[in-house]
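Please look over the sequence and the model first.

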Amino acid sequence: MMPYSTSREPRASRRGWIPALSALALAVALPVAAQTPSASPASDIVVVTAARLFDASSGRLVENPQIVIRDGRISAVGRAGDAAPEGARRIDLAGMTVLPGLIDMHVHLDSDPSYGGYTGLQFSDRFWSVLAVKHAQQTLQAGFTTVRNVGADAWNDVGLRQAIDEGKLAGPRIVTAAYSFGATGGHCDSTYFPPSMAQKNPYNADSAAEARKSVRELRKYGAQVIKICATGGVFSRNTEPGQQQMSYEEMKAVADEAHQWGLRVAAHAHGAAGIRDAIRAGVDTIEHASLIDEEGIRLAKQHGAWLSMDIYNTDYTQAEGKKNGVLEDNLRKDREVGDIQRENFRRAHAAGVKMVYGTDAGVYPHGLNGKQFAVMTRYGMSAAQAIRAATFDAAQALGRKDVGLVEAGRWGDLIAVAGDPTQDVRLLEAVPVVIKGGEVVKDVR
């Protein structure tokens, strides 16, 4: 991570426009689904069969499914042997379990954990734009066909989303936050440099009025979700995870303004007080939630807020962070909150709080997103519940009905694994088959 990266957040202070990512010839282009509304040629129809289908709405397995995908979207879900369009392309996943494409609700595609502390200063600002292309490919290859990028520098995630949606690059569907923001001197600000360098987040908000203006500007230029930093964090300097850094009034202004525009709000919030105020203010998802207390758990249930708790990445940070240049003070904070966060995950899940799958990929290497499933089951979830958190539940938290479930009308985003992931969730750490919009983007059976 860059030194002016904001704790498990992207570099907030670099500025400049992102060059057209379509110029990156190294990327693999995805085919664009045809837009013909009705009668499609057989070449645009795909019939997928498998041994089992994970029904993410119920958490149960369905035997011998048949899935028809027309123009990139699912048109029918039935059983093998049902009538299917003549001449359709067939994908037979014999002996395998099909699941909806996975959703990671907390990633930073333009961050790379290989560069911690000040080590990233050796590179040009556009270095990170280019790395985001590779990271998107790695994420898709890991079976995550949709991600929510909750903070990026220089509109990197917006440009990346546009290039992927145009079929110029391979990558997941991206819900973009663009810049995350918070208080001056807080976790979303640049906190690593002296005054002479004048580094700061251009969207810092130190009043309710400034918060509303930041929401409006970010939406104007491509934010599809608003990300704020309610508390201090792990990888910022001169902040502590438990410190509240935005007031209730500021967070309520953010939530009210975003909801008026039809956007949802995510709040980075480790500390108990910041979590409570974020929920009361109407924030939709609480990121990290490391130090949540009983009142925070009660409020989350009462208000229907979702928790996105990244309970795998501490393993990577503690093993590799020092070698990557992460400063000791940041490693200290990570150690202090890691185990507490995991136990609070257990408590919140047992209490019935709604939870989604969010990894903070970018703090650890992209493409390893599936490693969190096993940790979630270690701390109280069943395998089926963990998978739901990364499919149907995540789609609900996004407010989307086009991903997260295998049913007619949704995108034909599927993955397949050998065996039964509800019995061995670690199968999702290395997904052999990935289909996005009816197109096979990976098949290493």
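Q: Which residue in S10 is the bridge partner of Ile226?
A: The model is a predicted one. Strand S9 covers 225-229, and five bridges join S9 to strand S10, residues 264-269, with the two running parallel. In S10, the partner of Ile226 is Val265.

Q: In what order do the five strands of the open sheet lie?
A: Strands of a sheet pair through backbone hydrogen bonds, either parallel or antiparallel. In this open sheet the pairing is parallel. The order of its five strands is S9-S10-S11-S12-S13.

Q: Why is one side of S9 and of S13 left without a neighbour in the sheet, and by how many degrees are neighbouring strands turned on average?
A: S9 and S13 stand at the edges and each has a single partner strand, so one side of each has no neighbour in the sheet. Ignoring direction, neighbouring strands of this sheet are turned against each other by an average of 25 degrees.

Q: Which residue takes a positive phi in the hairpin of S15 and S16?
A: Strand S15 (residues 433-436) pairs with strand S16 (residues 439-443) in the antiparallel sense, over four bridges. Two residues lie between the strands of the hairpin, and the residue with a positive phi near 60 degrees is Gly437.

Q: Are H5 and H6 roughly parallel or roughly antiparallel to each other?
A: Helix H5 (residues 272-281) and helix H6 (residues 294-303) pack with their axes 9 Å apart, at an angle of about 15 degrees. Their crossing is left-handed. Angles under 35 degrees count as roughly parallel, and therefore H5 and H6 are roughly parallel.

Q: Is the crossing of H1 and H2 left-handed or right-handed?
A: Helix H1 (residues 126-141) and helix H2 (residues 156-165) have axes 10 Å apart and pack at an angle of about 45 degrees. The two helices are therefore oblique to each other. The crossing of H1 and H2 is right-handed.

Q: Which elements each supply at least two residues of the lining of the second largest pocket?
A: About 160 Å³ of space lies in this pocket. Its lining includes Trp306, His349, Lys354, Arg388 and Asp393. By class, the lining has four nonpolar, four polar and three charged residues. The elements that each give at least two lining residues are strand S13 (354-356), helix H10 (383-389) and helix H11 (392-398).

Terms used
Residues numbered from 1 in each chain as written. Predicted model: local features only at pLDDT ≥ 70, side-chain atom pairs only at ≥ 80, totals over all residues. Heavy atoms only, no water. 1 Å grid on protein atoms, 1.4 Å probe; cavity = no way out; pocket = protein on both sides within 12 Å on 5 of 7 lines; lining within 4 Å. Points joined across faces, edges and corners; volume = space filled by probe spheres on them. Nonpolar A, V, L, I, M, F, W, Y, C, P; charged D, E, K, R; others polar. Pairing = 2+ DSSP bridges. Axes fitted to C-alpha atoms, helices over the stretch in contact; angles between N-to-C directions. Parallel < 35°, antiparallel > 145°, perpendicular 65-115°, else oblique. Left-handed = near helix turned anticlockwise from the far one by under 90°.
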